[in-house]
Amino acid sequence: MTDTQLAHTNGSTTLDRNGSTADHIAPPGVRWNYAAAPETVKVTIEPRYGHYINGDWTKPNSTFTTENPATQKPLSEISNASAAQVDTAVKAARAALGPWSKLPAKERAKYIFRIARRIQERSRELAILETMDSGKPIKESRDVDIPLVAQHFFYHAGWADKLAYAFPGATPSPIGVCGQIIPWNFPLLMAAWKLAPALACGNTCVLKPAETTPLTALRLAEICHEVGLPKGVVNIITGDGRTGAAMASHPGFDKLAFTGSTEVGKKIALAAASRGTKLTLELGGKSPHIIFDDASIDQAVEGIIQGIYFNQGEVCCAGSRLFVQENILDQVVAKLKIRLASLRVGDPMDKNTDVGAVNSKAQLDQINRYIALGQSEGAQIHDVNPSTLPSSGYWCRPCFFTGVQPSHTIAREEIFGPVLSILSFRTPEEAISRANNTPYGLAAGIWTDKGSKIFEIARKLKAGVVWCNTYNKFDPSSPFGGFKESGFGREGGVQGLRAYVNLH
Ligand code: NAP
Ligand code: MG
């Protein structure tokens, strides 16, 4: 079915990418009209927030605004931590380190279990807040992010008094004071990935959330306070890249952990290397899916859709390059179009929404720049999603490109948006070499009916995670992390614990 045919069977009218009206169609039965089902619970947000340092809140200072990207309405004023405030937080974490690391491990575990339980109890509030601050659909924050956050704390609480079993033959001890800098795409989940293992291993922390999504990390500070976590063990400071840079260059950290762009990761690596500070980096990706002609195509299409349009494609491991075996290319493209047309883009607070708001104006500009580049370099855009976009907020209708060459910018660079590049291959060898032809190595997906092929291909792909006949599945016991420019070190599982202990 061509785009034009699709456009004629839907009947709804919407704006196309250039702002003109166009008819878009989904085949009968694919897209139903639902009544809006917005989340109605109101969450209290303070007008201004200070930092959470040494078990206390500082007076808000030199603030900036965090907004709701779906409405562009301000949510709160957030403080920008100065270098002096970073220093105060580091000193608080240093003072707390001795008592916290000497606490019997099962007592440490109790605090972490309490945090996990409070996250469960406050999960609805946290999901709503996450969606308001980040733009991600409520069904993702409610069913994916927040449950995983709680699981992470539960999982690591369980390890706290069993570290000797995690590292048989060695004696683990805490690394010390950890500086942790996280991005905006999974705000509370990234905070959990950083804090839970650090606390379980007896370290203390200073964590900085991203500038556009600080609210759930600040709520987590409240939870730490509620459960009586000793002061200084967790310090949450907010700010922009300058606060991050002040953390990276502070000599008081024994370890830095960073998740974010490769560009900033390299700067942090330089700062850490100059002092011999321990470091883990979780960076960007350009992850490939490989779909073979023996795959269950409908299942693969569902996984591909989920892999690239989940969280508006603002996922470091998004399956953003799709390699399709040549003889099934037309079939896969036709099915992808039908499924793409059925996605609902719009109010992230609506429980029916599949694709929410892009996190910021800067991110939307970046995505649009790549979409324009894809077209100007000669790839063909398939822009068949019929959603009518709200008049305010940052929105990008999901789309994909065919006719993509490996040399095209959209096949090489991380877009971090709901944009898929489709390429083809003939032999498994060609698929592997094309998939590995990237500076990144975070994740990959393989779609085939043959178990032997899965093992053969997975072994040869240079990616930290390889999902087989599924995609974007996370579990706290499963290590996550990259190769090459996607970073080093792992988060989750025993491998993730290793990043927070010294072994003797
Ligand atoms: P980013 O610009 O690198 O920001 C990440 C964090 O670093 C934010 O807290 C940011 O603060 C801070 N920061 C900015 N400049 C800094 C500096 N010079 N020194 C120290 N810290 C600094 O990345 P982003 O745009 O927020 O996130 C998107 C990127 O993260 C993508 O490339 C994505 O692939 C990657 N990511 C990777 C993973 C993974 O697990 N591998 C997970 C999620 C995201 P501000 O917010 O104030 O700028
Ligand atoms: Mg925000």
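**Two ligand sites and a few local features in a predicted model**

Serine 249 turns up in the loop that runs between helix 9 and strand 12, where helices (H or I, at least four residues) and strands (E, at least two) are DSSP runs numbered from the N terminus. The model is a predicted one, so local features need pLDDT of at least 70 and side-chain atom pairs count only at pLDDT 80 or more, while totals for chains, interfaces and linings use all residues. Residues are numbered from 1 along each chain as its sequence is written, chains are lettered from A and ligands numbered from 1 in the order in which they are written, and side-chain values use heavy atoms, with hydrogens and water left out.

Back to serine 249: with 48% relative accessibility, serine 249 counts as partly exposed. On this scale buried means under 20% relative accessible area, exposed over 50%, and partly exposed in between (1.4 Å probe, protein chains only). The serine 249 side chain reaches the backbone oxygen of alanine 246 at 3.5 Å. Contacts like this are polar contacts, meaning a pair of N or O atoms within 3.5 Å; within protein, one must be able to donate a hydrogen and the other to accept it, and residues adjacent in sequence count only if both atoms are side-chain atoms. Serine 249 and alanine 83 are 166 residues apart along the chain, with 9.6 Å between their C-alpha atoms. Valine 90, for its part, belongs to helix 2 (residues 83-102) and is buried, at 3% relative accessibility. From the C-alpha atom of valine 90 to that of proline 251 the separation is 9.4 Å, across 161 residues of chain.

Helix 9 also matters for ligand 1: of the elements, helix 9 gives the most to the shell around that ligand, with 3 residues. The shell holds 28 residues, and those that come nearest are Ile182, Glu211, Ser261, Leu283 and Glu414; a residue is near a molecule or strand if one of its heavy atoms lies within 4 Å of it. As for pockets, the space that ligand 1 takes is the largest one. A pocket is found on a 1 Å grid over the protein atoms alone, as an open set of points with protein on both sides within 12 Å along at least five of seven lines, whereas a cavity is a set of points where a 1.4 Å probe fits but cannot get out; lining residues have an atom within 4 Å of a point. A molecule sits in either if more than half of its atoms lie within 2 Å of its grid points. Two or more residues of the shell come from each of helix 9 (241-248), strand 12 (255-259) and helix 10 (262-273).

An N or O atom in the side chain of glutamate 211 is 2.8 Å from a ligand oxygen, and for the side chain of tryptophan 184 the distance is 3.0 Å. Glycine 241 takes part through a backbone N or O atom, at 3.2 Å from an oxygen of ligand 1. On its own, ligand 1 has 880 Å² of accessible area, and the protein covers 88% of that; areas come from the Shrake-Rupley method with a 1.4 Å probe, and for residues only the protein chains shown count as cover.

Then there is the metal. The magnesium ion (ligand 2) is coordinated at 2.2 to 2.7 Å by Thr66 (OG1), Glu67 (O), Asp133 (O), Asp133 (OD) and Thr212 (O). Threonine 66 sits in strand 6 (residues 63-68) and threonine 212 in the loop between strand 10 (204-208) and helix 8 (215-226), so the pair ties together parts that are 146 residues apart in sequence. Donors are N, O and S atoms within 2.8 Å of the metal (3.2 Å for Na, K and Ca), and sites may look incomplete because water is not among the atoms. Threonine 66 is buried, at 1% relative accessibility, whereas threonine 212 is partly exposed, at 24%.

On to backbone angles. Most residues other than glycine have a negative phi. Phenylalanine 416, not a glycine, has a positive phi of about 60 degrees; this residue lies in the loop between helix 14 (409-412) and strand 18 (419-425) and is buried, with a relative accessible area of 15%. Asparagine 469 also has a positive phi, near 55 degrees, in the loop between strand 20 (465-468) and strand 21 (487-488), and is partly exposed at 25%.

Finally, aspartate 294 occupies the loop between strand 14 (287-291) and helix 11 (297-309) and is buried, at 18%. Its side chain makes a polar contact of 2.8 Å with that of lysine 453.
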